Number of protein chains: 6
Amino acid sequence: MFFHTKELQYRAKPERPDPLFAKQLQEVLGGQFGEISVALQYLFQGWSVRGDGKYKDLLMDTGAEELAHIEMLATMIARLLDGAPVGDLEDAAKDPVLGAILGGMNPQHAIVSGLGAMPADSLGNRWHAGYIIASGNLLADFRANLNAESQGRLQVVRLYEATNDRGVKDMLSWLIARDTMHQNQWIAAIKELEAKENVVVPSTFPRQLEKREVSHVLFNFSEGDKSATGRWASGPSMDGEGTFQYVQNPQAYGGKPKLKPAPSYIHNTPPKDLRPNTM
Amino acid sequence: MFFHTKELQYRAKPERPDPLFAKQLQEVLGGQFGEISVALQYLFQGWSVRGDGKYKDLLMDTGAEELAHIEMLATMIARLLDGAPVGDLEDAAKDPVLGAILGGMNPQHAIVSGLGAMPADSLGNRWHAGYIIASGNLLADFRANLNAESQGRLQVVRLYEATNDRGVKDMLSWLIARDTMHQNQWIAAIKELEAKENVVVPSTFPRQLEKREVSHVLFNFSEGDKSATGRWASGPSMDGEGTFQYVQNPQAYGGKPKLKPAPSYIHNTPPKDLRPNTM
Amino acid sequence: MFFHTKELQYRAKPERPDPLFAKQLQEVLGGQFGEISVALQYLFQGWSVRGDGKYKDLLMDTGAEELAHIEMLATMIARLLDGAPVGDLEDAAKDPVLGAILGGMNPQHAIVSGLGAMPADSLGNRWHAGYIIASGNLLADFRANLNAESQGRLQVVRLYEATNDRGVKDMLSWLIARDTMHQNQWIAAIKELEAKENVVVPSTFPRQLEKREVSHVLFNFSEGDKSATGRWASGPSMDGEGTFQYVQNPQAYGGKPKLKPAPSYIHNTPPKDLRPNTM
Amino acid sequence: MFFHTKELQYRAKPERPDPLFAKQLQEVLGGQFGEISVALQYLFQGWSVRGDGKYKDLLMDTGAEELAHIEMLATMIARLLDGAPVGDLEDAAKDPVLGAILGGMNPQHAIVSGLGAMPADSLGNRWHAGYIIASGNLLADFRANLNAESQGRLQVVRLYEATNDRGVKDMLSWLIARDTMHQNQWIAAIKELEAKENVVVPSTFPRQLEKREVSHVLFNFSEGDKSATGRWASGPSMDGEGTFQYVQNPQAYGGKPKLKPAPSYIHNTPPKDLRPNTM
Amino acid sequence: MFFHTKELQYRAKPERPDPLFAKQLQEVLGGQFGEISVALQYLFQGWSVRGDGKYKDLLMDTGAEELAHIEMLATMIARLLDGAPVGDLEDAAKDPVLGAILGGMNPQHAIVSGLGAMPADSLGNRWHAGYIIASGNLLADFRANLNAESQGRLQVVRLYEATNDRGVKDMLSWLIARDTMHQNQWIAAIKELEAKENVVVPSTFPRQLEKREVSHVLFNFSEGDKSATGRWASGPSMDGEGTFQYVQNPQAYGGKPKLKPAPSYIHNTPPKDLRPNTM
Amino acid sequence: MFFHTKELQYRAKPERPDPLFAKQLQEVLGGQFGEISVALQYLFQGWSVRGDGKYKDLLMDTGAEELAHIEMLATMIARLLDGAPVGDLEDAAKDPVLGAILGGMNPQHAIVSGLGAMPADSLGNRWHAGYIIASGNLLADFRANLNAESQGRLQVVRLYEATNDRGVKDMLSWLIARDTMHQNQWIAAIKELEAKENVVVPSTFPRQLEKREVSHVLFNFSEGDKSATGRWASGPSMDGEGTFQYVQNPQAYGGKPKLKPAPSYIHNTPPKDLRPNTM
């Protein structure tokens, strides 16, 4: 169950409206690694933990905080849209600043949302749950979380560089710091689980059932052998289960496949029309 | 530039057709973490490397290999669909085995693809490039890759458990082993970059510009304090830049926001209808 | 800012696992009118209210409650998936009950989410924010809300009819009652705003600027005139601004359009190839 | 069956080309509440009416009219694109008006559609049938229709404000008037059905089966009690079945859920790694 | 403008309900090559013809007919869903026929559409306008149309094979015949345009501006030279502009690309971390 | 299996950066008819050929080449993005050229991909596999391929007209020439299959089972009879199986449908509320 308080976790007040930056800022609200993604990702992971304890609690703590970040961004975007103009674009083009604003705005911020933030990215593409990852295997999922916080912090930093509004920068510096913490916390949790299990997910599948002869082999499928010089091409493997090998000229282990004809009721190209002599 | 050879990297021959398993196996061909995702993710990351060297080569090696995995799965799925029946489902239902096959198949395998594999997941949802991650920051992206290989191997393992066809299991044991290698290689590459940079992505953003007082703090937004017992709640932070703290009762740092009315040409609810006395 | 408590708003415990019903129940979690839709719809509407007061508070109250409903459904679905089998479907088909379970389950519940609920509908289509409506005009949006609660309650009722698990029915009877309240509350809010403004949204556009001669006219574009017998075809209009009229044989007010050729650099069909004599 | 006449329902002729407005106008052709949405929504509702009579006729009348509106907008957009320039954007930027046009156009209007209208919104997102609502319950669906016409008229009005082309305004004043009628007609039909049934959809579910103690209760899940002052918080409920209540401090009725471990063949995090002492 | 008549173009009455076939039949209503696709594709092409005459008329004739086909399929699907059961699936599984029906139905046919047809395909994926093709170049577009009618007829034929309901077969035999005509008509129109222009689209681009030395060359990028035996590998080219050539060992004409580093404000991997000696 | 070489098939080097053109050029990389579409379309068709021989080889040759085109475009786009600015848009607007660049860029090129190409179109919409066509019937699919190369060449030509960068034009002239070849080759293959089978797909469905009386009839569903003057309206049909006919006034062959009420557990509008006297 969730309780909402009206105060923001951190202030979200720009120095002045800026509808163009509002459009860009949508990326970290409703993009692939925006706050909606992490909020729902952590909550769905938390609800699916089959057991109890500190991991579930950590997921719920962080998921609930990300809801507060959605709120901060929604507030900031609405303020950046304050008083955004509409009007004849061709006329406006005579005033370069106004023209740039009208031409560069997300038109749905005026037409659809009435100057409100949208659950969408910087292109206006609506958020969708295909971005979310929750597998029931926490080591896998914490890696997804670490990636999400890495991509997310990178994007917020890029946006920080793209504005000189001190109010916006102030809020973004909060989000950047929180992403620092969240990267730290997922790294800590990952290390703990890797220590308990092994670095290869899932750890519970018996290794003898996999084709072990290729479990630590790098195949050189792209001309040039610079990749042979990396840590991944020689020495003990990271999982402690073997030795890295580099294969210069990968061979095909499977033959050339030939598929059987489809039954006639499928009405594919008739087999006679594929016969060698016709080709 | 790419050259194709007709031989498969590894054999892809089931003991017998199984249209129901064909449907499930689509997940690791065209799902979020299927082979199309990793192939295109690695290739796009490789094409975007702004420089040269071993990381780019590694990405191209692995991307090209994943194309071969798409091919193996496409071949396997076509064979699992060999001679798949169509027919009146209600009639078929009288024969439970036939009924289960007809009712449980992906209908598009018959109607749309003519018994061929599809670029889709186990539900038939078409693959889309929203699954792909390529940011230009390799530490971030290698974390995405490690996650993809973790989720991918987990899914292949689950499918391995779900069949008793020895031909299918044989091929899956190949893919599981390759995912073992790919997890190992991304871990190796990540460790190397973390050693050069720092664990927090992006490493190039000056730390003094973030709101440092909350860079290592866990806020307890979910009732209960089990999360206080984790490594992430005390001790030195993973990035070596501070000390983890646990905040039992998080405070709001931002006030209660109130937005300005929209201009009249937006035709939102008129401000007078929102006035306190009317509410 | 949001705080989470570990207790559920209402119990979510089925009598026994039922992976097939788990799949169906996803509709009201992650479908077009599922709980994710209403939660985020109300929250985004609330965050966009440009002013303050009771409407904003009502939206935040209800949005926060819907988050709790997502949680209840996620919990219920996980329990319905308890111990869900995987296995060879063709073998299973020999046991009709097991075959029906394996063939009818959402395969991603096993392969992707590891027996957790997903942010998806009963077909497994991922939720997306194209479902959400938030325009800044509260009368418009409350109508969207009333519709969402009407469709939502209808779907929950249909699911109630489709199970005989007393635990599931118990939880659904809670959700049905809450949808009763939510329909009631949006009707109350709509009536209030209609009284202040007018029934036609937006009320602030000057009526003399619209083509008033067709503001209250029903055009008979479908053969047969049963629609002439409705309240909408005669008598005073609902907005009190005119009289309903029924037009038996609608005329065209615009001529037959003919478009100019495109510039040559667009490379459309050359105009000469469209000339009358060539046609 | 449908017959087409070449004349437009109303004229669709701008004073002059304006590729930037063409892009914006796409919203009401192919956006969530554009003419494609209402046309197909009404037709699908009509085709699904299980019975006959005035409601079905009304739906088919209005659905057929909306097809004519798609045609008017497609014609207008093509004309707004007349002779739209292509060319080097950086060069063009030296001429601010031309630069604004080239930079602000939907690039697909030139590259993809050859200066034709597209089945897409103002961002270029293609229309999809996830926007459509048709449930078989007409009271629910007429509420969806009333919402669609409310959102749609709001958007057309916002576009009317954004142009000073008299030809465009002329056509939009037609669409605004028709949306006035359509709001009126759905209100009339809703009132009639509410009088026959009840205001709560679906009316046919026995009230005693829902958890009646919370059927008219507002839970205060968001700090602050301004929502307690609304019509929805006290007095008789709108459905005449109870009395509104306001609950200041909502309690949890369900306990703290704990899920069972998944079977080992799912390869989730092993239960031992979730045990309290490890956390 | 469109007028609707209540009669169907052809009868749409199954011998008996069959909810499983209803689900499959959705493919040709709302799939990639279903009737919604062709109806809207032809109408959008017609509305975009920049000129007048027989091609535009043909597009509007056929587009309007396809609307009638949507209607026939919507009617047929609703009837196939007549009285479709809902109920406890596990119970139903004890009755194999009932179990197969409940397990194999599209669950949204009961929960969402109330036994109505949906604008969706056989998997339940909603139709979207990304399927539509309309470029302004009629030769290109008529090829799209010929493809659509080819894929569409193929799918209807596969469905014809999958049922033994004489009513369904009767209606499908109508649709198959109409697709025969539509393939014939687009072939006729294509031949006419090819005669006027040339077979290569667009015909208006000056051939000397393309890299003519590779305009008629087949590069052997896949091991094996069976493709060298086809008509496309030798002899005069189909456009009469050259001679087909087969290149056994394709060479790279471009060098090995190396991209410049990104500016520091993008925060990609720092160039020093990509330097050869670090790799 | 695929092998990659580091050299490009053809050079991809612009004269100078141009982030605005980079955005447009994405269309032919990741749009509906971009190189990702044709690459995966040909490969999936090839992998599904149920037999062997020249058609499969041709598909694999061409599919592999298209992978090289993705690579060329990805390289070109990254170079067009070289050093792309970020910065305060309102400030930039004072410099019209810089303002146009910042306002017109795809914001995700900076925020998301770090100046790399994206698997997306000119609007930034991510590529999805719903664009791909592979049916198992090669005549149908080669028509899809001919259409794809026609639309694709048309789009590349339009982009060629839109730039004056000689490096870009040089690369596009290569792609245009290759599309010339690919149109030629699919025409050759189509002609061969049409000669073996018939022009109507699928050729294997017995003609006597279709409703032959309407197999060659054009119905005049759109007012005006210009379409009566086309080749498709009289003379022998293209398939040699009949004579084209033109029907001036199409009749309805099916009656007016009336659907049965839904079962009560579906909770549609109650039949009594649809009764004539209530309407």
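Author: First, a term. Axes are lines fitted to C-alpha atoms, for helices over the stretch in contact, and angles run from 0 to 180 degrees between N-to-C directions. Helices are DSSP runs (H or I, at least four residues), as strands are (E, at least two), and both are numbered from the N terminus. The model is predicted: local features need pLDDT of at least 70, side-chain atom pairs count only at pLDDT 80 or more, and totals for chains, interfaces and linings use all residues. Residues are numbered from 1 along each chain as its sequence is written, chains are lettered from A and ligands numbered from 1 in the order in which they are written, and side-chain values use heavy atoms, with hydrogens and water left out.

Reader: How do you know how α1(E) and α3(E) are oriented to each other?

Author: Helix α1 (residues 19-30) and helix α3 (residues 54-80) of chain E pack at an angle of about 165°, with their axes 8 Å apart. Angles under 35 degrees count as roughly parallel, over 145 as roughly antiparallel, 65 to 115 as roughly perpendicular and the rest as oblique. So α1(E) is roughly antiparallel to α3(E).

Reader: What is the handedness of the crossing of α1(E) and α3(E)?

Author: The crossing of α1(E) with α3(E) is left-handed. That word applies if the near helix is turned anticlockwise from the far one by less than a right angle; if clockwise, the crossing is right-handed.

Reader: Which residues of α1(E) and α3(E) meet?

Author: Contact means heavy atoms within 4.5 Å. From α1(E) come Pro19(E), Phe21(E), Ala22(E), Leu25(E), Gln26(E), Val28(E) and Leu29(E). They meet Ile70(E), Leu73(E), Ala74(E), Met76(E), Ile77(E) and Leu80(E) in α3(E). The residues of this contact divide into twelve nonpolar, one polar and no charged. By class, Ala, Val, Leu, Ile, Met, Phe, Trp, Tyr, Cys and Pro count as nonpolar, Asp, Glu, Lys and Arg as charged, and the others, Gly among them, as polar.

Reader: What makes α3(F) and α7(F) roughly parallel?

Author: Their angle. Helix α3 (residues 54-80) and helix α7 (residues 138-161) of chain F pack at about 25°, with axes 13 Å apart. That value makes α3(F) roughly parallel to α7(F). Their crossing is left-handed. Tyr55(F), Leu59(F) and Glu66(F) in α3(F) meet Leu138(F), Phe142(F), Asn145(F) and Glu149(F) in α7(F). By class, the contact has four nonpolar, one polar and two charged residues.

Reader: Why is Asp57(A) called buried?

Author: Buried means under 20% relative accessible area, exposed over 50%, and partly exposed in between (1.4 Å probe, protein chains only). Asp57(A) has 1% relative accessibility, so Asp57(A) counts as buried. Asp57(A) sits in helix α3 of chain A. Beyond residues up to four places away in sequence, Asp57(A) touches Ser222(B), Glu223(B), Gly224(B), Asp225(B), Lys226(B), Ser227(B) and Lys6(C).

Reader: Is Asp61(A) buried or exposed?

Author: Asp61(A) is buried, because its relative accessible area is 0%. Helix α3 of chain A holds Asp61(A) as well. Its contacts, leaving aside neighbours within four places in sequence, are Leu218(B), Phe219(B), Asn220(B), Phe221(B), Ser222(B) and Ser227(B).

Reader: What does UniProt list with Asp57(A) and Asp61(A)?

Author: An unreviewed UniProt entry lists Asp57(A), Asp61(A), Asn220(A), Ser222(A) and Gly224(A) under "binding site". They span 168 residues in sequence, and the farthest two C-alpha atoms are 48.1 Å apart, so they do not all gather at one spot. UniProt positions are given in the numbering used here, feature names are shortened, and annotations may be inferred rather than shown by experiment.

Reader: Where is Glu66(A) placed?

Author: Glu66(A) is in helix α3 of chain A. UniProt's unreviewed entry gives Glu66(A) the feature "binding site". At 0% relative accessibility, Glu66(A) counts as buried. Glu66(A) touches Glu35(A), Val38(A), Ala39(A), Tyr42(A), Glu149(A) and His182(A), not counting residues up to four places away in sequence.

Reader: What makes Ser113(B) buried?

Author: Its relative accessibility is 2%, so Ser113(B) counts as buried. Ser113(B) lies in the loop between α6 (107-111) and α7 (138-161) of chain B. Leaving aside neighbours within four places in sequence, its contacts are Gln108(B), Met118(B), Arg158(E), Ala134(F), Ser135(F) and Gly136(F).
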